Amino acid sequence: MLLKILFVLFVLMCPSLCWAVQPHGGLEGMVSHEAGHLLFILGILFIFFYSPQSDWFKFGWRQFKYFLVLLLLWNILTFSGHWLDLAAGSFEFVNVDGHRVGFVIDSLLSFIFYFSKLDHLILVPALIFLVLALQRWIKAQEVQG
Amino acid sequence: MNTPWWPVVWVDILGSLVVVFIAFYAIHLAFRLKKIRGEDVFANYLFMLTLVIGVFAVFRSGGHLVKQILLAYNYVEWWSALAPFSGAGNTLTFAVIFAFSIYYRKVGQLKGEMDKAAFDLAASKAMVAVTEASELRMRAIFDGMEDAVYVVDEDFKIIFYNRKMKELFPQISSQDKCYKVTMGREGRCEECKLHKVLLDKRKILREFTFVGIEKRFDLLELPMDWIDGRLVKLTVARDISEQKALEAQLAHSQKMEAVGTLAGGLAHDINNMLTPIIGHVEMARRKLSPDDLMIARFEAIGKCAKRASSLISQVLAFSRRQILDPTLVDLNQRVTETTSMLKHLVEENIALELKLADDLWLISADSGQLEQILVNLAVNARDAMPTGGTLLIETLNNKDVSTYCRSCGERIIGPYVVLMVSDSGAGIDQEVCKRIFEPYFTTKGVNKGTGLGLSMVDGIVHQHGGHINLYSEKDTGTTFKIYLPSADKPDEVIDILGDNAFPGELPVGKETILVVEDNEDVLQFTTECLMELGYDVMGASCPDRALDIFKKKHHDIDMILTDVVMGAKNGRQLVREALQINPQLRSMFMSGYTDNIIAHHGIMEKGLFFINKPFNPGDLAVMVRKTLDSERRFSA
C-alpha cells in the first residue's frame, strides 16, 4: 500500500511540462463578446415579447418598447461592427502623421463598418427612451397615489 | 468616397459623455420608482434592469473615453492592454442583462400568478364579507321571530338556527345533525322530509313534537337557496300548544253546552211530570183522614217525587238554566255563615281556615247558590284529604285579572271578587283536571259521589257571570279559584217565594184566575188546586186560546197564571198583550225551564212573580195570594 502511494507521488512530482490552464487568446475574446451580444439580443426579445400586464406598467410601455427596439438595433449594429473589425485591414483608412483622419467608403461593408463606429447615435436615443419610460411610470404612480 | 474620421471620434466622445449622464439619471429614476413602488416586483425588476444597463453604459462609455484619449495621445499600446478588460466587462454586462431578461419572464409569470392569487383572495374575501353580511341580516330577521327557525343542509347538518331555536334546544350548535338535536337520535328520522323537500322543491306543513319538549308545533319545511348557493331546507316551527289547548277548551265548552241544553230540556219535561204527581199526591193526602193507612204511601210517593225534583234542580244548576234570585251579597258574610255548616261536613282532622279580605266588594249573587258552591267545594276538599289536612277559604278583590277561564276558555277581565277554596290533599292529575267539570265525571268510588258536584259549581259560577279556574299540584294540594263580578249598585231585592214553609192553612181567595199551560196534566192539577182554594179558574192550553178568553172576559179576570215556554207564543208576550187590554191585571209565571224570554241568562228580572216547577199546592197558594195582594204590575 505504502509503495502504491509513493509511486503516485513520484509520478505527480516528476513531469517537466504541464498545460494546467487553457490559454485564451486570438479570436476567443472576440467570439465571447459576440456571444455576449447575442445573449443581449435574446434578452431584449424576451422582454419585448413577455411584457408585463399590470396597469401601471402600461403607462410607460410605449417608451420602454422604443428603448428595447433601439437597443436591439444597437446590438445588431455593434455585433456587425465587431465582425467587420476583423476585416479592418481590407478597408482603406486615411492617416496623417500617424493619426486617422479619413475613411474610404467604397462598399456596403465599408459603410456598415463606418456607421458601426457611430453607434452612440442609436444608443443615446435608446437610453433617452428608457428615461422617458421611467419618468412615465413614476408619474403614473404619483397620480395614482 | 473619402469620409472624414473625426465624426466617429466626436460622436464617440460626446455620445459617451451623454450616455454616462443619461445612465446616471436613469439609475436615479429607477431608485425613485423602487422607492414609490417598493412592494411591486416589477418595479424592483425595472430598478435592477436599469441599474445593470446603466452600469454597462457607464462602463462602456468610460472605456470609450479612455480609448479616445489614449489614441489621441498615441498611447496605442496602453489601449491595446486595456481593451480586453473593457470588452470583457461589456460582455459580462451583456450576460447579466440576458440573465435578467430571462428572469424577467419568470417574474412576469410569477407576477401574473400572484396577481391572480391576490385577485382570488380579494374575491374570496369579498365573497366572505358578502356572505357574512347576508347571514347577519338574516339572523337579525329570524332572531326577531317568535317561531323557532333552523336550516339543514342535505347531509342533515344544521347550518343556521335562530334565537328561539337556541331557547328550545340550548345544546344546539352549528354542524350538529338535526336528528340528534331535535329527536335525540343517532340516525335520520323515519318521518324525515328533508330529501322530499329538496328533491320535490315543495313545502310541507305538518304537526310535530320534538323530543323532550312537551309542546306541539306546526312545522313548515320548505326548500331555499342558501347564501352560498346550496339548496337547503328551512324549517319554521311554530308553537301551537296554546292554540291546541284553546281548541280543546272550545270543543269541551261546545260539548258542555250541548249537554246543558239536553239536560235543561230534560229537566223541563220531567218537571212538567213531577208537578202533577206532587200536586195530586198532596191534594189526595189532604182528603184522607189522619189515621188513614194510605197517608204513609202517599208520603212515600211525595218523597220520591221531591228527590227527583232535587236531582232536576242539580241538573238545572249544571246546565245554567236554574232560576237565580240575585241579591247584593257580602261574600265574606256568606262564607262566615256557611262555615258552621262546613265544620260539620269536614272531618275532625281537617283544619278549616279563613282568610277573608277587608273591604271586600259586594257581589250580585244568589245566596243559596253561593252556599251550594261552598258546600260542594268543601266536600270535594274533604274527600281529597282522607288523612287530614287544611281546608283554606280565602276571599280577595282583584281589580285587574288577566287570565283565561279553564272551564269555558274565555278571557277573564276584572274587576272580580275572588273566592278561593284550597286543600292540602293529594292533588289532581292533569287528565282529571281536563274533565273535572263534566257532569257525572267522578274519581270517587261507587255510591260516594254523583259526579254532579263540580259541574254544578261550574254551572252556578258561570250563571253568575263568573269564571272558575283550577290549580293543582300532585301531593301538594288543589285550589279552586272562583271569579265573581263585583256589583256596582244594589239590585232591588224581591222576596218572591218568601216563607217557603208549608202553611197549616193555605191562603185562599175568590178572585178569577186564568191559567195558561200547554201541558194538560199541569193545567189540570193547577186548575183543580186553585179551585179547591176557592178561586174561579179558567184554563187555556195555549196562549191564543187564553187571549181569546181574556178578550171576552177581561173585566172578570183578576190574574193570569201562565207557563213561560209554550211553542209559538211565550208567556211574557201573552201577558204583554193582556196588559194592553187591562193594565190592572196581575200576572204570575211558572216554569220548570226558563229560557232568555223571562229570565235573562237565567237571572230573573225585577218585579216578576215566578214559581218554579214542580210546586206543591202550598207553594202555589202562597204565591198566588201574594201576587193578587201585590201592588206591583208586570211592566209591558
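Student: How many bridges join strand 14 of chain B to strand 15, and which way do the two run?
Tutor: Seven bridges join them, and the two strands run antiparallel. Keep in mind that this is a predicted model.

Student: Okay. Which residue stands opposite Leu470(B)?
Tutor: That's Phe480(B), which sits in strand 15 of chain B.

Student: And how many residues lie between the two strands?
Tutor: Three residues, and the two strands form a hairpin around them. Asp475(B) is in that turn, with a positive phi of about 65°.

Student: Is strand 14 of chain B largely enclosed or open? Why?
Tutor: Largely enclosed by the rest of the structure, because five of the seven residues in strand 14 of chain B, residues 467-473, are buried.

Student: Back to positive phi. What about Phe156(B)?
Tutor: Phe156(B) has a phi near 70°, which is positive even though the residue is not a glycine. You'll find Phe156(B) in the loop between strand 2 (148-152) and strand 3 (158-161) of chain B.

Student: Is Phe156(B) buried or exposed?
Tutor: Buried: its relative accessible area is 12%, and the cut-off for buried is under 20%.

Student: What is phi like at Lys201(B)?
Tutor: Lys201(B) is not a glycine, yet its phi is positive, about 50°. The residue belongs to the loop between helix 6 (194-200) and strand 4 (204-208) of chain B.

Student: Buried or exposed, that Lys201(B)?
Tutor: Exposed, since the relative accessible area of Lys201(B) is 58% and exposed means over 50%.

Student: How much area do the two chains bury between them?
Tutor: About 4,300 Å², with 75% of that on carbon and sulfur atoms.

Student: How many salt bridges cross the interface?
Tutor: The rule finds one between chain B and chain A. In that salt bridge the side chains of Asp119(A) and Arg60(B) meet, at 2.7 Å from N to O.

Student: How many residue pairs are in polar contact?
Tutor: Eight between chain B and chain A, counting pairs with both residues at pLDDT 80 or more.

Student: You listed strand 1 of chain B. Which strand of chain A does it pair with?
Tutor: Strand 2 of chain A, residues 99-104. The pairing is antiparallel, over three bridges. In that pairing, Gly102(A) stands opposite Pro4(B).

Student: What is the secondary structure of chain A overall?
Tutor: Six helices and two strands. From the N terminus on, the order is α-α-α-α-β-β-α-α.

Student: How much of chain A counts as buried?
Tutor: 37% of its 145 residues.

Student: Last one: in chain A, what share of contacts with a separation of 6 or more comes from residues 24 or more positions apart?
Tutor: Such residues account for 68% of those contacts in chain A.

Terms used
Residues numbered from 1 in each chain as written. Chains lettered and ligands numbered in written order. Heavy atoms only, no water. Buried < 20%, exposed > 50% of the residue type's maximum accessible area, 1.4 Å probe, protein only. Helix = DSSP H or I, 4+ residues; strand = E, 2+ residues; numbered from the N terminus. Pairing = 2+ DSSP bridges. Buried area = accessible area lost by both parts, 1.4 Å probe. Salt bridge = Lys/Arg side-chain N within 4 Å of Asp/Glu carboxyl O. Polar contact = N/O pair within 3.5 Å; in protein donor to acceptor, adjacent residues only side chain to side chain. Contact = heavy atoms within 4.5 Å.
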